Amino acid sequence: MSEQNPHFKVSVNTEIGRLRKLLIHSPDSGLGKVVPSKAQDWLFEDIVHLDTIRKGEYDYYIKLLLYFLDPEKIKGKLAEIDSEASNRNFYKPNHPDFHRSQSVIEIQNLLSEMLEDESIRKKLVAAVCAIEGCTYKVQLELTNTDPKQLAEIFISGTLANDTMIFAPIPNLIFTRDVGTTINNHILLNKPAKKARVRETLLMRYIFFNHPLFEAYRNNILEIPDVTMHFLRPGDEPAFSTTLEGGDVMMVSPNHVLIGCSERTSEHGANEAIKLLFEQNVVEKVTVVKIPSKRDYMHLDTVFTQVKRNTWVILNSIAHSPKYNPYEPINFLKEPEKLEATTAIQFTKANPQEPKHFEHVEALLDDISRNDLKSTEPTQIIYSGNNQFPYDSREQWTDSCNLLAIKEGVVLGYDRNDKTVEAFKAAGFDVVDVKDLIQDLESGKVNTETLTDTLILMPSAELSRARGGFHCMSLPILRDNI
């Protein structure tokens, strides 16, 4: 196993500080084994073409990240890396020619390295076999498997001979959901769906056992189930304690947003707030309750931050639906409470008197002006340029799920045309990632001087999985802004 890196640091205190290190997971063979009958059980909306999602889409994400975070790995080498003779080996975890960046960190490699420790390997094999219902003979076989191969099996669910022994975990590409860096702590998720239990277990073992995180083991926060959950009959979702990373945003050094959504429960938010306050991690937590619907799923699917004064959001989330008093229906039927969005802010100093915001847009304005000290008016960019039906269509394909690689420079899907128009109207440059990579390689463009830019990423297959680049990133180090 790799030795502890004394220079390794965990620190994220905004959504927009210059990104320096993050955890990612490249699309693995498990994605190519999702079948229509199980797609929604495994939280995929559709089945994807693995070769295209790798070569035609995700590889560009890796290239761009390396140019910004670890340019020595790629600058001046692009032609060789992408040559036919190289056979994409640069992008294949555990391959000898893999990039092995210490800034763009591949989870599969961390898992392989951790599994080199025999004691940890035995424990994790036993844990995985227990939750997957494997036979004892399979458990013994896995315990004696090479660590690199075992890591692939844990993720893809498939042995070297292509025999499936348990389900894949295709959602591991959405690394944001397994945890969130909050200042110098990591809050681990507590998934709502069975399909994500194994990936949560693997990440828990990595954070607590890999030497990379050794100095931060006391800063890893786990949410327990509340006692009432054990004592209630059956499996009542209303009393479950769930929290996923897509519902957690570190918006300023002392302020975290937690979304109550389809995946994060009120009990999960409650336990997270108590934990964050008890451990003195932050001073403020704002809970944003969004409709519990599949098409919204997580907080970061309905809004993300672009600059300290700029946000992209779905308008129906920004403002709860307005009801016309002149419409007789409003006297005949109660408004749908599930469609309303609320924002409630708790402070460590006075948690019993929370502050209520009129709507989410007012919360975002407060963060920009008061938390981040923006001196410019807060700017809201709406999904689909706030035009029906493009607002909902493009939110479904992650128009609001953007990753800020530095303040004002964000990654998004190329298919959301009306949202692109809204960015242009707001004064942003728009560039295709393929063109940008060529300009970065030639030196025509410099990552340090690039400002106010929406980078369009290929998305035909990635968008089928229902997650954007905010979902596909777990930042562990950002600069202060």
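This is a predicted model: local features need pLDDT of at least 70, side-chain atom pairs count only at pLDDT 80 or more; totals for chains, interfaces and linings use all residues.

Colleague: Let us begin with α5. Which residues does helix α5 span, and how far does the helix reach?

Modeller: Helix α5 covers residues 118-132, which is 15 residues. From its first C-alpha to its last it reaches 21 Å, close to the 21 Å expected at 1.5 Å a residue.

Colleague: Which residues of α5 are buried?

Modeller: The buried residues of α5 are Ile120, Arg121, Leu124, Val125, Ala127, Val128 and Cys129.

Colleague: And what covers the buried residues of α5?

Modeller: The cover includes α4, α6 (136-143), α7 and α8 (197-209).

Colleague: Take α8, then. At what angle do α5 and α8 pack?

Modeller: The angle between α5 and α8 is about 165°, and their axes are 10 Å apart. An angle over 145 degrees counts as roughly antiparallel, so α5 is roughly antiparallel to α8. The crossing of these two helices, α5 and α8, is right-handed.

Colleague: Which residues of α5 and α8 meet there?

Modeller: From α5 come Ile120, Lys123, Leu124, Ala127, Val128, Ile131 and Glu132. In α8 they meet Val197, Arg198, Leu201, Leu202, Tyr205 and Asn209. By class, this contact of α5 with α8 has 9 nonpolar, 1 polar and 3 charged residues.

Colleague: What about α4 and α7: how far apart are their axes?

Modeller: The axes of helix α4 (residues 107-114) and helix α7 (residues 147-156) are 8 Å apart, and the two helices pack at an angle of about 130°. The pair α4 and α7 is therefore oblique. The crossing in which α4 passes α7 is right-handed.

Colleague: Which residues make the contact between α4 and α7?

Modeller: Gln108, Leu111 and Ser112 are the α4 residues, and they meet Pro147, Lys148, Ala151, Glu152, Phe154 and Ile155 of α7. The contact of α4 with α7 has 5 nonpolar, 2 polar and 2 charged residues by class.

Colleague: Now the loops. Where does Thr158 lie, and is Thr158 buried or exposed?

Modeller: Thr158 is in the loop between α7 and β3. Its relative accessible area is 6%, under the 20% limit, so Thr158 is buried. Leaving aside neighbours within four places in sequence, Thr158 is in contact with Lys33, Ile153, Thr163 and Met164.

Colleague: What is phi of Asn280, and where does Asn280 lie?

Modeller: Phi of Asn280 is near 55°, again positive in a residue other than glycine. Asn280 lies in the loop between α10 (266-278) and β8 (284-289). With 53% relative accessibility, Asn280 counts as exposed.

Colleague: Which peptide bond is cis?

Modeller: The bond from Phe388 to Pro389 is cis, with omega near 0°. Pro389 is in the loop between β13 (379-382) and α14 (390-396).

Colleague: Finally, which residues of helix α15 are buried?

Modeller: In α15 (residues 417-425), the buried residues are Lys418, Thr419, Val420, Ala422 and Phe423. Just after α15, Gly427 takes a positive phi of about 95°.

Key. Residues are numbered from 1 along each chain as its sequence is written. Side-chain values use heavy atoms; hydrogens and water are left out. Axes are lines fitted to C-alpha atoms, for helices over the stretch in contact, and angles run from 0 to 180 degrees between N-to-C directions. Helices (H or I, at least four residues) and strands (E, at least two) are DSSP runs, numbered from the N terminus. Angles under 35 degrees count as roughly parallel, over 145 as roughly antiparallel, 65 to 115 as roughly perpendicular and the rest as oblique. A crossing is left-handed if the near helix is turned anticlockwise from the far one by less than a right angle, and right-handed if clockwise. Contact means heavy atoms within 4.5 Å. Ala, Val, Leu, Ile, Met, Phe, Trp, Tyr, Cys and Pro count as nonpolar, Asp, Glu, Lys and Arg as charged, and the others, Gly among them, as polar. The expected span of a helix is 1.5 Å times one less than its number of residues. Buried means under 20% relative accessible area, exposed over 50%, partly exposed in between (1.4 Å probe, protein chains only).
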